[in-house]
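Here is a short note to read alongside the model. It takes up a helix first, then the aromatic rings.

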Amino acid sequence: MSLQVTPLKNVGVEVSGFDICDPITPELSRELNDLWNEYAILLFRNQDITPERQIEFSRTFGSLALHPLKATRSEANPELFVLENGGPNDRFQTAHYKGETVVGRLDWHMDLHYTGRPNRGALLRAIELPISDGLTGFGDLAKAYDALDDDTKALLEKIELAYAFCMQRRHMRYVDLEGYEPGEFSPKKPSDMNFPDFPDVAYPGAYAHPISGRKILGVVEQFLDRVIKPHDAGLCNDEAIELLERLVAHTKKPEFTYFHEWKQGDMVLWDNWRAMHCTTGTAPGVRRLINRTTIEGDVTLGRVI
């Protein structure tokens, strides 16, 4: 089978030329997985399928993980995680950015990165969409690494980066806090949302993708806290902070990112070992519904400090 592959803007590809409702043959499975490992972000359009078929298709890419919070799972399909704006939980996701009230905005991150064992990836399918906003951004950290100068690449081989889980965005050291104000019901600590209090984890400055072997820049802005033992790499504390500021800005350059404007029936699969993602959020009261399936990660990329 020969699939049609069309580049998206900057990173990722749209894949067509097969019927997702037909059985996935071993040949097609290999071809899809090869594309996933090559491009990290795959878009499938016009997919009018059932939740059960989304779950079955997702298994093409690995074993599926259940969300750790039972309250967010679908009772009928526990492998399905429903992402919802415009519902009763909006109050916990509401904040203010330069005078604008937004629900569900998330900074650049990798899922379960704060545990040291990120998910392998995930697949999102659009169910109910707002007229505007509600974009999902994807950033390719392999392309970001490739574009670094040789001196920076050499330095990344000498350092580890610490990530510190926290609930309050204003305590995150490397996100853009200009004009940010938390909402009235923004959680203050993990237990407010029934989350455990995760210990700090460390990642290499750059690491090899467990399957493709491509080098990945180990920098994402959410929860990024510090360089561990910067003096061992010949950096003073000020230089370490400036390095992280520079690398965070580098990961968000347009040439490494793609913002998906959702249409009905769109499905997006991303490689969570290589691609970071974010969401732009919606206005209060606006409905947005996305069904998500998660491919389980079987490799530990970081270490608990």
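1. The expected span of a helix is 1.5 Å times one less than its number of residues. This is a predicted model. In it, helix α5 covers residues 237-251, 15 residues in total. From first C-alpha to last, α5 reaches 21 Å, close to the expected 21 Å.

2. Which residues of α5 are buried? They are Ala240, Leu243, Leu244, Leu247, Val248, His250 and Thr251. These residues span an arc of only 160° around the axis, which places them on the same side of α5. An α-helix has 3.6 residues a turn, so residues three or four places apart point the same way.

3. Now the rings. A search of the whole structure gives 15 aromatic pairs. One of them joins Phe57 and Phe61. Phe57 and Phe61 are both buried.

4. Tyr114 and Phe223 have ring centres 5.7 Å apart and planes at 90°, so this pair is edge-to-face. Tyr114 sits in the loop between β8 (106-109) and β9 (121-128), and Phe223 in the loop between β15 (215-217) and β16 (224-228), so the pair ties together parts 109 residues apart in sequence. Tyr114 and Phe223 are both buried.

5. Phe57 and Phe61 also belong to one aromatic cluster, together with Phe18, Trp36 and Phe44.

6. Which residue lies over the face of Tyr97? Arg105 does, at 4.3 Å from the ring centre.

Terms used
Residues numbered from 1 in each chain as written. Predicted model: local features only at pLDDT ≥ 70, side-chain atom pairs only at ≥ 80, totals over all residues. Heavy atoms only, no water. Phe/Tyr/Trp six-rings, centres within 6.5 Å; stacked < 30°, edge-to-face > 60°. Buried < 20%, exposed > 50% of the residue type's maximum accessible area, 1.4 Å probe, protein only. Helix = DSSP H or I, 4+ residues; strand = E, 2+ residues; numbered from the N terminus. Lys NZ or Arg CZ within 6 Å of the ring centre and 35° of its normal. Arc of directions from axis to C-beta.
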